Amino acid sequence: MAAIDHYLNTVIQHARLEAFDDGSATLEAHHLLLGIAVAGENAELIAAGLGPDQIRAALQGEFEHSLQTVGVSAAAYRLPKPTRVGDPPTSLGASAKLAFDRAFSRARTKKELRPVHLLLGILQAEIGTVPRALALAGFDRPALIARFSGDPA
Amino acid sequence: MTNWKLVNYGCFMPPELTDPADALAAVAALRRLADQLEEAAVEQAMRDGWSWPEVAEALGITRQAVHKKHAKRLIEAGVPLRRR
């Protein structure tokens, strides 16, 4: 198995756990982003201020903000946390599929695929949970793309 | 009819919802919140001794649907389940 396969497998395994903890039936792009943040090859991400805790805080902020726009408070109800048992999800959701499509389109061949391509595939999305969470948390997504792709901002 | 809708839209929608991105994100967040609430509420109801038909009726869905969605998780979690 090539190094990139090991890397993607590790990211997906972490992402599955994040999705499971989230109660999600599918892996979405934001779960992959968290997977990248807790897997290896993440030093640049952490240097950019995107450690797992910062990403989780940004995602929670987006969730609460989106609910507030329709007058709903995420903290308004208090029920016991549901018990989560069984296997974490394996299916990719639409946003994760798009992230992989964008990642693969950045590399001409699979041999050229690098860990950063998946990160860029996630960051390239202009609509959805990840770009909204990053924007609300004050991250400059185009600058992050430039930084990780090695292009001048 | 159109005017009625416009008047009510203007009355009830907060200013942020003039942006479709916010409205669509709210839909996604509400679905996620509803799923979380359903998981917690069904588990709490079953722990309190509710039956599948009672939970299904309260949710407005069939007994089969609620059973299919929650039974495996609750059984593995060791929640005592009433048959009727």
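Q: Which residues are linked with E18(A) in a network of salt bridges?
A: D53(A) and R56(A). Keep in mind that this is a predicted model.

Q: Where is E18(A) found?
A: In helix α1 of chain A.

Q: Buried or exposed?
A: E18(A) is buried, because its relative accessibility is 13% and the cut-off for buried is under 20%.

Q: What does E18(A) touch, leaving out residues up to four places away in sequence?
A: H31(A), L34(A) and R56(A). R56(A) is also in the salt-bridge network with E18(A). H31(A) and L34(A) are among the buried residues of α2(A).

Q: OK, α2(A) then. How many of its residues are buried?
A: Nine of ten. The helix spans residues 29–38 of chain A and is mostly covered.

Q: Which ones are buried?
A: A29(A), H30(A), H31(A), L32(A), L33(A), L34(A), G35(A), I36(A) and A37(A).

Q: And what covers them?
A: The cover includes α1 (3–22), α3 (43–47), α4, α5, α6 and α7 of chain A.

Q: Back to salt bridges. How many does the structure hold over all chains?
A: Eleven.

Q: What does R132(A) pair with in chain A?
A: With E62(A). The closest N and O atoms are 3.0 Å apart.

Q: Which parts does that pair tie together?
A: R132(A) lies in helix α7, residues 129–136, and E62(A) lies in helix α4, residues 52–68. The pair therefore ties together parts of chain A that are 70 residues apart in sequence.

Q: Which residue of chain B meets R132(A) in a salt bridge?
A: D22(B), with N to O at 3.0 Å. D22(B) sits in helix α2 of chain B and R132(A) in helix α7 of chain A, so this pair joins two chains.

Q: Is D22(B) buried or exposed?
A: Buried, at 11% relative accessibility. So R132(A) has salt bridges to E62(A) and to D22(B), and R132(A) is itself buried because its relative accessible area is 15%.

Q: What about R84(A), which residue does its side chain meet in a salt bridge?
A: E39(B), at 2.5 Å from N to O. That pair crosses between chains too: R84(A) is in the loop between α4 and α5 (94–106) of chain A, and E39(B) is in helix α2 (residues 20–47) of chain B.

Q: How do R84(A) and E39(B) compare on burial, buried or partly exposed?
A: R84(A) is partly exposed, at 21% relative accessibility. E39(B) is buried, with a relative accessible area of 14%.

Q: How much of chain B is buried?
A: Buried residues make up 29% of its 84 residues.

Q: And what share of its contacts is between residues 24 or more positions apart?
A: 51%, counting contacts in chain B with a separation of 6 or more.

Q: Switching to helix packing in chain A. How do α5(A) and α6(A) cross?
A: Their axes come within 7 Å and cross at roughly 130°. That makes α5(A) oblique to α6(A).

Q: Is the crossing right-handed or left-handed?
A: Right-handed.

Q: Which residues meet there?
A: From α5(A), A99(A), F100(A), R102(A), A103(A) and R106(A). From α6(A), H117(A), L118(A), L120(A), G121(A) and I122(A).

Q: What classes are in that contact?
A: Six nonpolar, two polar and two charged residues.

Q: Last one, E126(A). Where is it found?
A: In the loop between α6 and α7 of chain A.

Q: What is E126(A) in contact with?
A: P131(A) and R141(A), leaving aside neighbours within four places in sequence.

Q: And where is E126(A) relative to Q54(A)?
A: Their C-alpha atoms are separated by 20 Å. The two are 72 residues apart along the chain.

Notes
Residues are numbered from 1 along each chain as its sequence is written. Chains are lettered from A and ligands numbered from 1 in the order in which they are written. This is a predicted model: local features need pLDDT of at least 70, side-chain atom pairs count only at pLDDT 80 or more; totals for chains, interfaces and linings use all residues. Side-chain values use heavy atoms; hydrogens and water are left out. A salt bridge is a side-chain nitrogen of Lys or Arg within 4 Å of a carboxyl oxygen of Asp or Glu. Helices (H or I, at least four residues) and strands (E, at least two) are DSSP runs, numbered from the N terminus. Buried means under 20% relative accessible area, exposed over 50%, partly exposed in between (1.4 Å probe, protein chains only). Axes are lines fitted to C-alpha atoms, for helices over the stretch in contact, and angles run from 0 to 180 degrees between N-to-C directions. Angles under 35 degrees count as roughly parallel, over 145 as roughly antiparallel, 65 to 115 as roughly perpendicular and the rest as oblique. A crossing is left-handed if the near helix is turned anticlockwise from the far one by less than a right angle, and right-handed if clockwise. Contact means heavy atoms within 4.5 Å. Ala, Val, Leu, Ile, Met, Phe, Trp, Tyr, Cys and Pro count as nonpolar, Asp, Glu, Lys and Arg as charged, and the others, Gly among them, as polar.
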